[in-house]
Amino acid sequence: MAAAQRSGRSRYRLLLLILTAITLLTLDFRGYGPLETAQSRVRDILEPVVSAVDVVLGPVAEVWTVMFSYNDLRAENDRLRAEVDSLRSADMRAAARDDTLERLLEATGVTYVDDIEQITASVLRHSVGNFDDDIVSIDVGHRDGVAPGMAVVTAAGLVGRVETVDTGLSTVTMISDPNLVIGVRLIDTGDVGLGHGMAGEPTRFVVDTGLRWPGTGDLSELPAIGSTVVTAAGSRYPANIPVGRVSTVEPAEGGLVQLVTVDLAAAVDDLGYVTVLLQAPVEEAPVGPDSPFSEPSP
């Protein structure tokens, strides 16, 4: 019982001491020496107690601060992430717009024909139900004045021929199709011949009909490497549409004809837009006894 009474008195004295200290510390009588001395002594007495409380409660306070600031930090992180995503998306949209504009300019900047009506079309996809890489669909048709056989081009040159036409949709056979025969003229020599795409090589074209190998053996009569190849007058297509540039020239068929390989001018494997030349097409193949594209005589 005596111990309990002593413990009660100790707690009472400690409480009284704390209240007295708080009272002294909160009084504000500037320049009153005895009070300032008493406040200083109280601070000295309580310093060990305050330090101990800081040691015990410091980690708890830090955890408490982190717990209450976590949501704020997470919200800020989410905001910054959203801002970065928005900037990245804006950059991607700008790049897409630039790419679209570049493709559109590539399709519409046709300067090699100025007397033929034209219409620009978007390349939609490969033809429905057709897995041939050499056939694509475009978003123009009968209502736009498009007809089968019309030439399809870009600013770089010929890319193909309109194959089938519906009201607002058409299919195009690309110049890379080995079955699409095209009459061409070699600018360097003026010779004309027939050429077609090369299977499995969408950037190459070969002229293998109509070009004689020089009978004299004079190789200066051959077209120069890098010289231009265009569509020929009298072929199915308007004249002077760029086809490509001469890559190689070799003799074929026992040295009677030239086999001319051409690097195509237009990248037909990556088209976004094309231009259709609205000129009445020529359906007859450019061959026959009076055609400049006839096979050379043995």
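Tutor: Two strands pair if DSSP finds at least two bridges between them. This is a predicted model, where local features need pLDDT of at least 70 and side-chain atom pairs count only at pLDDT 80 or more, while totals for chains, interfaces and linings use all residues. Residues are numbered from 1 along each chain as its sequence is written, and side-chain values use heavy atoms, leaving out hydrogens and water.

Student: Ok, so what do the six strands close into, and in which order?

Tutor: A barrel, with the order 6-7-8-11-10-9 and antiparallel pairing. From one strand to the next, the twist averages 45 degrees; axes here are lines fitted to C-alpha atoms (for helices over the stretch in contact), with angles from 0 to 180 degrees between N-to-C directions.

Student: How many bridges are there between strand 6 and strand 9?

Tutor: Three, joining residues 182-186 of strand 6 to residues 228-231 of strand 9 in the antiparallel sense. Arg185 has Val230 in strand 9 as its bridge partner.

Student: And how many between strand 6 and strand 7?

Tutor: Four bridges, again antiparallel. There, Val184 is partnered with Gly193 of strand 7. The hairpin of these two strands has five residues between them, and Gly190 in it takes a positive phi near 80 degrees.

Student: What about strand 7 and strand 8, how many bridges?

Tutor: Five, with strand 8 covering residues 201-209 and the two running antiparallel. His196 has Val206 in strand 8 as its bridge partner. This hairpin has two residues between the strands, and Gly200 has a positive phi near 80 degrees.

Student: Why is strand 7 largely enclosed?

Tutor: Because six of its seven residues (192-198) are buried. Buried means under 20% relative accessible area, exposed means over 50%, and partly exposed is in between (1.4 Å probe, protein chains only).

Student: Where is Glu253, then?

Tutor: In the loop between strand 10 and strand 11 (257-264). Glu253 isn't a glycine either, and its phi is positive, about 50 degrees.

Student: Is Glu253 buried or exposed?

Tutor: Exposed, with a relative accessible area of 52%. Asn240 is partly exposed, at 35%.
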